[in-house]
Amino acid sequence: MRIDKRILNISAWLALSTILVFPGKIWAEGEGTPRMEYGFPFRFFIKYYPDHMDSSPWFIKGVHIQLLLYFLNVMVIYWILRMLLSLGRSIKK
């Protein structure tokens, strides 16, 4: 099976756009640091809020990106796109 670079590129951008499209999940468990997690189907972009009173202008302060989960998202989206294109081709014939 050959990897289609065009579909892989589209799936990588779609995985990144899930940060903006899908709502984040808020975690504020016990006395732990509150955080927001973004991404779909796996949440790979995490924004920590260690101090609510911190008025830092930097958005990237407290941001963590879990690359393994990002690549899993890319592979899931790639697989879905590939299956949809293959289904479309088989229906067309």
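**Fold and packing of the predicted chain**

Of the 93 residues of the chain, 23% count as buried, where buried denotes under 20% relative accessible area, exposed over 50%, and partly exposed the range in between (1.4 Å probe, protein chains only). The model is predicted: local features need pLDDT of at least 70, side-chain atom pairs count only at pLDDT 80 or more, and totals for chains, interfaces and linings use all residues. Residues are numbered from 1 along each chain as its sequence is written, and side-chain values use heavy atoms, with hydrogens and water left out.

Two helices and four strands make up the chain; both kinds of element are DSSP runs numbered from the N terminus, helices being H or I over at least four residues and strands being E over at least two. The pattern along the sequence is α-β-β-β-β-α. With contact defined as heavy atoms within 4.5 Å, residues 24 or more positions apart account for 40% of the contacts in the chain with a separation of 6 or more.

The four strands form an open sheet of order 1-2-3-4 with antiparallel pairing; two strands are taken to pair if DSSP finds at least two bridges between them. Strand 1 and strand 4 are the edge strands, each pairing on one side only. On average, and with direction ignored, neighbouring strands of this sheet are turned by 20° against each other; axes are lines fitted to C-alpha atoms, for helices over the stretch in contact, and angles run from 0 to 180 degrees between N-to-C directions.

Three bridges connect strand 1 (residues 25-27) with strand 2 in the antiparallel sense, and W27 has R35 of strand 2 as its bridge partner. Strand 2 is in turn paired with strand 3 (residues 45-48) over four bridges, again in the antiparallel sense.

K47 stands opposite V63 of strand 4. I65 also lies in strand 4; its relative accessible area is 49%, so I65 is partly exposed. I65 and F45 are separated by 20 residues in sequence, while their C-alpha atoms are 4.8 Å apart in space. When neighbours within four places in sequence are left aside, I65 is in contact with F44 and F45.

Two packed helices are described by the angle between their axes and the distance between the axes. Helix 1 (residues 5-21) and helix 2 (residues 67-92) pack at an angle of about 125°, and their axes are 8 Å apart. Helix 1 and helix 2 are therefore oblique to each other, given that angles under 35 degrees count as roughly parallel, over 145 as roughly antiparallel, 65 to 115 as roughly perpendicular and the rest as oblique. Their crossing is right-handed, a term for the near helix being turned clockwise from the far one by less than a right angle, with anticlockwise giving left-handed.

Helix 1 contributes I7, L8, I10, S11, A12, L14, A15 and L16 to the contact, and helix 2 contributes Y70, N73, V74, M75, I77, Y78, L81 and L85. The residues of this contact divide into 14 nonpolar, two polar and no charged, with Ala, Val, Leu, Ile, Met, Phe, Trp, Tyr, Cys and Pro counted as nonpolar, Asp, Glu, Lys and Arg as charged, and the others, Gly among them, as polar. S11, found in helix 1, has a relative accessible area of 0% and is therefore buried. Apart from neighbours within four places in sequence, S11 is in contact with V74, I77, Y78 and L81.
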